[in-house]
Amino acid sequence: MQNKFFLDFKKNKIRIYLDFIENKSTEEIPFAFPKFEDFLLKMTNGSQSLIYCNSIHDTVEKARLISYILPERASEELNDLSDHIRETVHSNYYLAELIKRGIGFHFGALPQEIREKIEEQFKIGNIQYLFTTSTLLQGVNLPAKNLFILSDKIGLSNMSELNFRNLAGRAGRLSKELYGNIFVVKFDDKKWNDNTQRLLDYKELPDIESKILSGKKNFYKNVGNVIDDESMTNKSMPEWEKRQVADYATILTYQQKKIFHHN
């Protein structure tokens, strides 16, 4: 079961969406949280949360805002990861400080090894708040009790119902909670357009066709091009799609190396 909420910080109003009634949504009611970070802490009350921000800039900035409020967590594993980030990325990289407070961010430009360590610490519960871009849609299995969606875009494109459902599916962990919370948050008109109602009113999804299974759009040829350090077949391919191909190429190369060493 999922509870869904739409928060409009421009109007200071909240709307609750209920799947078990015919009209789905309730009337808008006022709420008294001037800052998103205050609302985030109050509503999560210590439970794990994913925060989708779309852009790298917003992902980093929102993570840093919450870090000003939270104290460091007593965790040897987080301290070790913080030290590792300083050693492998940069001694003054602010992610190292965030990690010690149980906060992380996750996007394609981070080294894959760091992303994987952040995912691991989130899965075991050491990282409490994880701010992310659309990498969360690229096969990363990171469910949490709370999901905050701060934009209805992926890159410059409007988010499809399928991608919204994919994100929404991260709210709630069947083995730990009976329900998950989805908070759609609007700060200004630039982050959300008029399709909010369409996305929150879950409809029947279109048939899903995986490019990995179908090989369409020269998927496997482009995977080979990445491995051979050659250009993509489509020069205008969106950045998120390039990252998807590159990630698959990395996984494929890793698996092949494991098979080679095993034999």
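The model is a predicted one, so local features are taken up where pLDDT is at least 70 and side-chain atom pairs where pLDDT is 80 or more, while totals for chains, interfaces and linings use all residues. Residues are numbered from 1 along each chain as its sequence is written, and side-chain values use heavy atoms, with hydrogens and water left out.

To start with the overall layout, the protein has 10 helices and 10 strands; these are DSSP runs numbered from the N terminus, with helices (H or I) of at least four residues and strands (E) of at least two. Of its 263 residues, 44% count as buried. Here buried means under 20% relative accessible area, exposed means over 50%, and partly exposed lies in between (1.4 Å probe, protein chains only). The accessible surface comes to about 14,700 Å², and carbon and sulfur atoms hold 51% of that. Such areas come from the Shrake-Rupley method with a 1.4 Å probe, and for residues only the protein chains shown count as cover. As for contacts (heavy atoms within 4.5 Å), residues 24 or more positions apart make up 68% of those with a separation of 6 or more.

Next comes the inside. The largest nonpolar core has 57 residues, and those with the most contacts inside it are Leu 7, Ile 51, Leu 95, Phe 105, Ile 118, Phe 131 and Phe 148. A core of this kind is a set of buried Ala, Val, Leu, Ile, Met, Phe, Trp, Tyr and Cys residues joined through side-chain atoms within 4.5 Å. Leaving aside residues up to four places away in sequence, Phe 131 touches a list of residues that includes Leu 40, Ile 51, Cys 53, Ile 66, Ile 103 and Phe 105. There is also a second, separate core of 6 residues, with Phe 219, Val 223, Val 245 and Ala 249 among them.

Aromatic rings get their own paragraph, with 15 aromatic pairs in the structure. Rings of Phe, Tyr and Trp (its six-membered ring) pair if their centres lie within 6.5 Å; planes under 30 degrees apart count as stacked, over 60 as edge-to-face and the rest as tilted. Phe 9 and Phe 36 make an edge-to-face pair, at 6.4 Å centre to centre and 75° between the planes. This pair links distant parts of the chain, 27 residues apart: Phe 9 sits in the loop between E1 and E2, and Phe 36 in helix H1 (residues 36–44). Phe 9 is buried because its relative accessible area is 12%, and Phe 36 also counts as buried, at 5%. Phe 36 pairs with Phe 187 as well; their ring centres are 5.5 Å apart and their planes at 90°, so this pair is edge-to-face. Phe 187 lies in the loop between strand E10 (180–186) and helix H7 (196–200), so the pair ties helix H1 to a part 151 residues away in sequence. With a relative accessible area of 23%, Phe 187 is partly exposed. Phe 9, Phe 36 and Phe 187 belong to one aromatic cluster, which also takes in Phe 5, Phe 31, Phe 33, Phe 39, Phe 148 and Phe 183.

Charged side chains come next, and the structure holds 7 salt bridges. A salt bridge is a side-chain nitrogen of Lys or Arg within 4 Å of a carboxyl oxygen of Asp or Glu. In one of them Arg 15 meets Glu 28, with the closest N and O atoms 3.6 Å apart. Arg 15 is in strand E2 and Glu 28 in the loop between E2 and strand E3 (29–30), 13 residues apart. Glu 97 forms a salt bridge with Lys 100 (3.3 Å, N to O) and another with Arg 101, where the closest N and O atoms are 3.4 Å apart. Through shared partners, Glu 72, Arg 86, Glu 97, Lys 100 and Arg 101 are joined into one network. Glu 97 is partly exposed at 31% relative accessibility, whereas Lys 100 counts as buried at 16%.

Ser 67 is found in helix H2 and is buried, at 11% relative accessibility. Leu 65 is also placed in helix H2 (residues 56–67), but counts as partly exposed, at 33%. Asn 12 has a positive phi of about 55° although it is not a glycine, and its place is the loop between strand E1 (2–8) and strand E2 (13–17). Asp 229 also has a positive phi, near 60°, in the loop between helix H9 (219–227) and helix H10 (239–262). Asp 229 is exposed, with a relative accessible area of 71%.
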